[in-house]
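Here is a walk through one protein model. Keep the view open as you read.

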Amino acid sequence: MNKIIYVAILVSLCFHGFSQEAAIKNQQEIKFTTKINNKYLQIPIKNGAAKRNVDLYINEKKVYGLNVELDAKNPDWYAYIDAAKWKGNLMEIRIDSVVQTTGSAKPIIQTSKKIDRFAPYTEKQRGQFHFSAKNGWLNDPNGLVYYNGEYHLFFQHNPYGVNWGNMHWGHAVSADLIHWKELDIALYPDEFGTIYSGGGLVDNDNVSGLGTNNKAPMLVFYTAAGKVRTQNLAYSNDGRQFTKFSKPLVNEITRGNRDPKVVWYEPAKHWVMVVYVTERGGQHTMHFLTSKNLIDWTSASVMKGDVGKGRYLYECPEFFELPVTGNESIKKWILVGANGQYAIGTFDGKTFHPEQERLKGHNGKGYYAAQTFSNEPKGRRIEMGWWQTETGKEGAFFNQSMSIPMELKLVNAYEGLRVTKMPVEELKLLRDRKYNLGRLTISPDGKNPLADIRSELLELRASFNPGASKIVSFKIRNIPIVYDVVKSEIIVDGRRILAPLVNGKIELIVYADRTGLEIFVNNGLIFVPLNKNLDMDEQSLNVNVSGGNAVFDYLNVYTLKSSWTEK
């Protein structure tokens, strides 16, 4: 579970237009009671306002608590607490140290329906084919699993602010990996703590005993971050309602243990849990545990990564097996940490034996804590990651995104075995207009063949032999992507990435959204995510060469539809 906390969270109250001293003089605690007779409690949020603790009590027992930038006088947006489970009860709401200028003695009210202050999913900072939460903060993808005919995407979620905090599990579903529908929050904080990251699976044989009516249950594993941090379990028999197991599955190993990922190991017919653990001296480790019933776990082995500020095998483990493309009889296990660095090796059911380590999972920025879907119906290994887009600005009421879904494969490359990432086939559903330029030769003094194409949302695909050229340069919505033929390097955003020709060619795929580019080179051997808010008015495309002619086998551009318009 990553705790990136933006500077805005840490800024002193004096930067909000008043000094701390003045604020204290104008503070008072608010307590009021209300009988719950509506579905929601409405909370007015002002981005950047002083944070307040809001605690809900029934019969003097605290049933829920949150920390929120509260302001009823001039809110940017409204957040909601689902209060249906407390209907008919008398609730006391306690708000600590409320600034009197909040505009109401009772800033939290009941309502029967949610109010959208702005049309959702159309905001200028909203990625149009990258999933983002309707409201609030989003980070790590969690519990990715295919269940009951749907892909389930859970995610770290603050429903009450555009920065990290109040960790819940948000929940969205999709039939095609492209068009997502956000559902109610799946997991709320409880007496064990807030809800940190973890993985999900389908217990097809019901070895946990948690299925009902001969149905295989969905199980999600997460870290409960309270006074101690434990690995916990919740389950569902319909993919909508979740019940938490009565006690932790794995007690605290160290304070820095989190992010359980559970996978099946076929030869031994048992389950394997991988948990990140910070050991003495800041040693990053991945702990492996085994279980026959998904409830009782036994420690098996430990693999060490970096120490301290190093980030190899730090946080959010992902662990899976892949066959070698073209030689499927050979299979290898892949162990990945949150920053995408991975190891390739063998696994005997208890211990991972790395054969290659510290391999780069991407060559860009803002891509973190990726996870793959379990129980994928086509047998593919599909990954999505937290794309750290710059979306929480200008009064926005949502922040951060997910990457597009990508299929992973294991291939023999020029440096040995490598994991490749390629956009899933389902993304073709977004294609609108196609510009097929066919086979062409581009010369240094030639016309830009893309000059007449403009689009905010687009997919570009190209395959070229650089020939006598020294530079082949693309510009996608004013973002340069350059191939240096002499040095065999792709240059993106100041990064120079080794990219030798494959069969004498470079193959390039680019997806452009409002929030940046995702770039794939040579069938996914190189993946370059670039999180950058693009100018909506800059929609031009350009390709040119210098030093000689380059021959393109194809150069295709597709304008794309928004994935939100078909919800």
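This is a predicted model: local features need pLDDT of at least 70, side-chain atom pairs count only at pLDDT 80 or more; totals for chains, interfaces and linings use all residues.

Start with the lining of the largest pocket: strand S3 (51–58), strand S4 (61–69), strand S10 (168–174) and strand S14 (218–225) each supply at least two residues to it. Residues are numbered from 1 along each chain as its sequence is written, and side-chain values use heavy atoms, with hydrogens and water left out.Strands here are DSSP runs of E, at least two residues long, and helices are runs of H or I, at least four residues long; both are numbered from the N terminus.

Which strand gives the largest share of this lining? Strand S4 does, with seven residues. The largest pocket has a volume of about 1200 Å³. Its lining holds 44 residues, and Tyr64, Tyr188, Pro189, Asp190 and Lys244 are the closest to the centre. By type, the lining divides into 21 nonpolar, 12 polar and 11 charged residues. Nonpolar covers Ala, Val, Leu, Ile, Met, Phe, Trp, Tyr, Cys and Pro; charged covers Asp, Glu, Lys and Arg; the others, Gly among them, are polar. A pocket is an open set of points on a 1 Å grid over the protein atoms alone, where a 1.4 Å probe fits, with protein on both sides within 12 Å along at least five of seven lines; lining residues have an atom within 4 Å of a point. Volume is the space filled by probe spheres set on the points, which are joined across faces, edges and corners.

Now turn to the second largest pocket, with about 890 Å³ of space. Of its 35 lining residues, Trp264, Glu321, Ser374, Asn375 and Arg381 are the closest to the centre. Strands S13 (200–202), S17 (257–265), S21 (318–324), S22 (327–336) and S29 (406–413) each supply at least two lining residues. S21 gives the most, with six. The lining splits into 18 nonpolar, five polar and 12 charged residues.

Strand S17 leads on to the aromatic residues. Tyr265 lies in strand S17 and Phe347 in strand S23 (residues 342–347), so their pair ties together parts that are 82 residues apart in sequence. The ring centres of Tyr265 and Phe347 are 5.3 Å apart and the planes stand at 85°, so the pair is edge-to-face. Rings of Phe, Tyr and Trp (its six-membered ring) pair if their centres lie within 6.5 Å; planes under 30 degrees apart are stacked, over 60 edge-to-face, and the rest tilted. Tyr265 is buried at 10% relative accessibility, and Phe347 is buried at 7%. Buried means under 20% relative accessible area, exposed over 50%, and partly exposed in between, with a 1.4 Å probe and protein chains only.

The whole structure holds 35 aromatic pairs. Phe131 and Trp564 form a tilted one, 6.2 Å centre to centre with 45° between the planes. Phe131 lies in the loop between S7 and S8, and Trp564 in the segment after strand S42 (550–560), so this pair links parts 433 residues apart in sequence. Phe131 is buried at 3% relative accessible area, and Trp564 is buried at 8%.

Finish with two sheets. Three strands form an open antiparallel sheet in the order S5-S2-S7. Its edge strands are S5 (77–82) and S7 (109–111), each pairing on one side only. Two strands pair if DSSP finds at least two bridges between them. S2 (residues 40–45) and S5 share six bridges; Gln42 has Tyr80 as its bridge partner in S5. Five strands form another open sheet, of mixed pairing, in the order S11-S10-S9-S8-S27. Here seven bridges join S8 (residues 136–147) to S9 (residues 150–158) in the antiparallel sense.
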